[in-house]
Amino acid sequence: MNVSTSGLQLKTERRWLADAVELVSSMRFAISLLTLIAIASVIGTVLKQNEPMPNYVNQFGPFWFEVFNKLSLYTVYSAWWFLLIMAFLVVSTTLCIVRNTPKMLRDMRSWRENVREQSLRNFHHKMEWSSGRPIDALARELALRIGGHGYKSLTVPKENGVLIAAKHGAANKWGYILAHSAIVIICIGGLLDSDLPIRFQQWFHGKTPFAGSGVISEIPEQHRLGTGNPTFRANTFIPEGSTSTTAMIPQQAGVLVQELPFSIHLKKFIIEHYSTGMPKLFASEVVVRDSETGKTFEATIKVNEPLIYKGIAVYQSSFDDGGSKLKLAAYPMTGAQATPFPLAGEVGGTTPLGKDSQGEYTVEWSGFRPFNVENLAEGGQDVRAVDPDKSFNERFTAGLDKQLGSAAKNPNNKDLKNVGPSVQYKLRDKTGQAREYHNYMQPVQLEGNYVFLTGMRETPNEPFRYLRIPADDNDTVQEWMRLRAALGDPGLLDIAARRYAQRAMPATRPGVDALREQLQQSARRGLEIFAGNGKEAGYVAVSKFLEQVPQAEQQKAAEVFMKILNGTMWELWQAAREKAGLKPVSAEDKQERFLQLAINALSDASFYGAPVYLQLQEFEEVKASVLQVTRSPGKNVVYLGCLLLVLGVFAMFYIRERRLWIWLKPDANGTHALMAMSTQRKTLDFEKEFEVLKAQLKQSV
């Protein structure tokens, strides 16, 4: 009883194992795995991989950030579940190869000479004929004829006859073997180039990402990977004249420092441009020194022309600023002061603002570009155009979006120009909150007017919104800054309102003085509304004020308000110039256009959110090269897999296996012949070949 029970249990276990192997090696299981890999690849393509974690928090919010992080969607291709799917695919395909390859090899070698005559008669493609020639002579002639068509044949004696078994294209089976083997080889190559070796070092050797800041040479050992690390993909940042012996491997929680078996010294970074200003070539002239032997040699690393040494490939990835020296003028954006103060900084460093800002802000210099290629295509209506179908508030609010829009107005038009240098920085307050700014050094012509562009964004995943400060006759921002400061000077506001009222009502007839006084007060009040109360300013404040007017009278009230505002702003500008000891400007179209642009910019400046505007004055550029350093032992393995895949697909699609049998036996007329032919895929070529063979074999009659 116990013996029979044990035997039954053993059979059950074997059956379960056989069923498991059958499932894992089945076509449906492999297709399911490929489907999962395709879905994961779509996610990895749509969702940017290996971005800083704060970017994902800003994009998805805290809740979904945690959900996606638990699923490792930010590092799909190195996620444990993706590698597990790849491993299962390797196992599934390997089992499939192991199970089917022996049968295929046997079938390739087999002549299938055990076929019966009656089976041949059931074939769709068959032919019978009689010949007066002897069996042996006819068999030799038929073998020669089908051999002329590339068939290999075997003549087998049968009872009362002879069977000629022939085959052509048996190598078609190699297509299946090579294609499936290629999948396994490519997956193994991919796993070799994955971060599994790095993970093993983190799991078993205590390696952890470094999340702090400081000098690379002082980073502790637990954050470093040795030169024996079998695979990695890292980046190294080298300013001109500097040397690097390490590269950084980005991780979710920081970086790992990868030691290199050689040092890279950047002699010079070369960049060439097209006539439009677009870069056409960038390359690094480097000196490489072997850390073990001391051997040195020079090399030039270009895009798609990497340096390969000791199994490590060094690619030209990109370029950046290496710590350029900047000198700027800081113009106050609040209060009644317009005089700038000097400010200096270095890209990658920080600079505290001076006493004019009470030391509450720190400038973090994040980037400098000596050239900027922008799309400056003309087009589009003026941002202050009047739409009769929109309310006053809607028109002015819509105008703000266009005034604080992208520097490239219309992406469909291609008017690419180099607009000169720009500086990018973050302005961080004492609470740690920061906004990012992007300022161009030179004025840019937009819609026929020269303006200084200064962009602002509150989070890194937002595009920059640009404030457009009109350039004065000297191509500076001083006149606009003078007008901005005048808005914060109560004395100048009184002078501007009084002068406007006197110019609007110069007559001295009875009752005019009272009306002039009312107009002066209205003009003064209009300037105060436009200047803002600390919360809202510009056209937004004006629209809020006009909402108090009955709907039917808003349009007329808006026109009157804007007429008074424009006139008072003109007088305010003249008063500010007079206070600065400058001559008044004449009322020409050019000056009136400047004033209109200045008013628009003053309205939009309430959204700028910075106590100062930093204008680049001088710079000393220091270039830096960003090199990608990789060790990819699986690369050649993947190349081999791709070659086998091409050969396999070619064999499966372009090599057709055909089988042919001719059964010869004696009859009253001499010899009776029965020919049958088969193939895996019935095509027009096969039908034509069958007809050609029929015609040639009948000649043997």
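The second largest cavity comes in at about 40 Å³. A cavity here is a set of points on a 1 Å grid over the protein atoms alone where a 1.4 Å probe fits but cannot get out, and its volume is the space filled by probe spheres set on the points, which are joined across faces, edges and corners. The structure holds two cavities of 30 Å³ or more. Keep in mind that this is a predicted model, where local features need pLDDT of at least 70, side-chain atom pairs need 80 or more, and totals for chains, interfaces and linings use all residues. Residues are numbered from 1 along each chain as its sequence is written, and side-chain values use heavy atoms, with hydrogens and water left out.

What lines the second largest cavity? Asn 172, Ile 655, Arg 656, Glu 657, Thr 679, Gln 680 and Arg 681 do (each has an atom within 4 Å of a point). By class, that's one nonpolar, three polar and three charged residues (Ala, Val, Leu, Ile, Met, Phe, Trp, Tyr, Cys and Pro are nonpolar, Asp, Glu, Lys and Arg charged, the others, Gly among them, polar).

Now for some accessibilities. Buried means under 20% relative accessible area, exposed over 50%, and partly exposed in between (1.4 Å probe, protein chains only).

| Residue | Relative accessible area | Class |
|---|---|---|
| Cys 187 | 7% | buried |
| Thr 459 | 22% | partly exposed |
| Cys 642 | 35% | partly exposed |

As for cysteine pairs, there are zero disulfides (cysteine sulfur atoms within 2.5 Å) in the structure. Thr 459 and Ala 434 are 25 residues apart in sequence, with 8.5 Å between their C-alphas.

Key. 1 Å grid on protein atoms, 1.4 Å probe; cavity = no way out; pocket = protein on both sides within 12 Å on 5 of 7 lines; lining within 4 Å.
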